[in-house]
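Me: I would like to learn how to read contacts, helix packing and a sheet. Please start with one residue and its neighbours.

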Amino acid sequence: MVGPKRRKLGEMLLEAGLLTPEQLEALLAEQKISRRRLGQILVEKGLLSETQLVSLLEEQLQIPQVNLYSRTIDPEVATSIPRNMAERYRVVPFEKEARVLRLAMADPLNLAALDDVAAYTGMEVEPFITAPSAITHVINQYYGLKESLESSAAERQERSREAERPQQLKARVEEAPIVKVVDALIERAAGEGASDIHLEPTGEGLRIRLRIDGMLHDLMAPPKDTQQLIISRIKIMADMDIAERRRPQDGNITLKSGPAGNKEINLRVSTMPTIHGEKVVIRILDKTRIVLPLSKLGFSDQNYRLLRRLLMNPSGMILVTGPTGCGKTTTLYSILHYLNRPEDNIITVEDPVEYRLDGINQVQVNPRINLTFASALRSILRQDPNIIMVGEIRDLETARIATQAALTGHLVLSTLHTNSAASAITRLMDMGVERYFITAALVGVVAQRLIRKLCPHCSMPQPLSPEEQLLYRHLFAVDPPEALFRGTGCKYCNQSGYRGRTSIQELMVLNREMHSLILAGATAQQLQEKAVAQGMITLVQSGRHFLEKGVTTLEEVVRAVFSSVFDSETASYAPVPCLEANGRERQVD
């Protein structure tokens with residue numbers, strides 16, 4: 001299996017320039033004392049990432065590697081050996097073909113592990129190298145749910161779940177095993193920093209995915225006959241009607257989380273009927289993540305000073321713009337937290353109320369009783385407010401009432417779905433708001449996007465490919481640096497290379513020159529050019545700042561700011577809009 005003249009790992013590290021001879025000598029001395037493997041010591045000290053170590057071991061041992069994080073594994077295959085065997089040997093079966101079982105191993109030279117797995121399964125075992133953290137990840141994901149479900153398998157009857165009466169179904173979903181499964185799912189999602197849990201019925205069963213840092217990641221699929229039990233348990237927790245499966249429903253759950261149970265998590269639950277059953281999305285509203293200090297939102301020093309200056313206005317309207325999921329609500333909540341003083345009366349109207357804020361009066365929109373943004377705003381103006389937050393300006397009536405409120409001594413905060421700060425102004429015009437109202441009421445517009453941050457544990461500078469150098473020049477109209485940071489993947493980021501998110505912004509402040517352009521009917525492009533000429537940092541420039549600081553990657557900036565993204569299959573870039581230094585938009589080929 002392994003050649004007799006296998007190269008030593010230390011020699012390979014020296015040849016690759018990853019270690020100096022002095023470092024290697026010190027590490028070998030430590031290895032002799034601790035009797036641990038050299039690779040384990042290197043990873044623990046941060047000298048190598050798990051991904052780098054696995055690649056070196058693949059070359060050294062001539063045993064292929066497998067990335068368990070990017071594979072969809074059949075639960076029956078993953079759990080074909082007992083959990084205690086998987087944990088003892090740090091192994092996971094990931095694929096079965098005829099009489100061959102492919103086994104991911106943290107230590108592929110462990111012959112005892114290979115022999116025991118072969119004896120237990122009665123199959124020929126083929127070893128593959130993988131990261132130890134990936135082994136732990138798969139064991140926790142696949143065995144945890146399997147064990148919870150097996151404990152109730154004997155009690156499950158063969159009758160159709162759809163035919164059960166609501167009272168019977170409610171009694172069964174409150175049994176301990178299903179409760180544990182749902183609680184473990186929510187606990188894991190919250191622990192991994194997920195923003196949403198998706199439970200999607202398919203023809204084969206229930207698909208479970210977590211949205212982490214804006215990207216969806218698959219979890220183990222539970223057995224199909226538990227689909228209705230899991231969904232019904234969530235509906236009971238959210239105080240929904242479990243007998244109603246034909247109409248969408250909304251609900252809320254409040255849980256205590258954390259080791260001491262002292263962390264409160266709010267869950268917003270939404271169900272929707274599909275052809276295969278009810279789809280459920282759970283939005284996780286963690287106060288520690290949604291109400292951040294204003295200084296932690298990613299604003300540049302210049303934009304942070306400008307925003308605080310705008311918030312000192314006793315009246316006027318400030319808009320936060322961007323597409324769905326770009327963090328507008330988080331920004332508004334952070335602003336409200338910053339402005340929340342005992343001497344001010346703050347009232348919000350939201351759809352829905354994302355999180356309950358102490359000291360602030362929050363109103364939930366309810367169209368069924370005609371409590372809309374516009375009707376709520378009229379009532380709010382009779383409540384002697386100092387600061388008003390409108391969740392979103394969706395129509396002309398809401399826009400007019402909000403601008404009139406800003407003109408009559410109130411500070412109004414709201415959001416719009418536009419791609420840039422300048423286009424927020426033209427959107428208000430398109431809605432029918434008079435230009436003189438806009439110039440009199442609007443004091444500033446923030447446009448923002450969310451970008452994933454590089455994992456601090458595995459990011460390192462790497463040279464740019466020729467394609468990336470060309471793209472960099474097209475986007476920023478300057479020569480690229482010799483290297484940019486990238487994440488290689490490690491146990492802290494689930495091998496993604498990213499951990500956490502931050503925002504990039506452009507902040508447009510309206511002054512007399514901007515007012516003149518608006519009154520003259522200027523286009524969004526003309527307003528953008530004037531703002532850039534006056535010193536506005538654009539989204540592109542903000543992205544470049546984070547890129548060169550080693551906070552994110554070129555691909556993330558492209559994904560966040562532009563409509564077209566890098567095609568990894570063809571290694572090419574589609575045409576994307578680019579702002580030159582003067583703010584004019586051009587097409588990049």
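Reply: N303 touches Q505, L507 and I537, not counting residues up to four places away in sequence; contact means heavy atoms within 4.5 Å. This is a predicted model, in which local features need pLDDT of at least 70, side-chain atom pairs count only at pLDDT 80 or more, and totals for chains, interfaces and linings use all residues. Residues are numbered from 1 along each chain as its sequence is written, and side-chain values use heavy atoms, with hydrogens and water left out.

Me: Is N303 buried or exposed?

Reply: Buried means under 20% relative accessible area, exposed over 50%, and partly exposed in between (1.4 Å probe, protein chains only). N303 has 1% relative accessibility, so it counts as buried.

Me: Where does N303 lie?

Reply: N303 is in helix α13 (residues 301–311). Helices (H or I, at least four residues) and strands (E, at least two) are DSSP runs, numbered from the N terminus.

Me: How do I read the packing of α19 and α22?

Reply: Two packed helices are described by the angle between their axes and the distance between the axes. The axes of α19 (residues 466–476) and α22 (residues 539–548) come within 11 Å and cross at roughly 140 degrees. Axes are lines fitted to C-alpha atoms, for helices over the stretch in contact, and angles run from 0 to 180 degrees between N-to-C directions. In α19, Y472, L475 and F476 meet V540, R544, L547 and E548 of α22.

Me: Which strands pair in the parallel sense?

Reply: Strand β2 (residues 100–105) and β3 do, over six bridges; two strands pair if DSSP finds at least two bridges between them. F128 in β3 is the bridge partner of A104.
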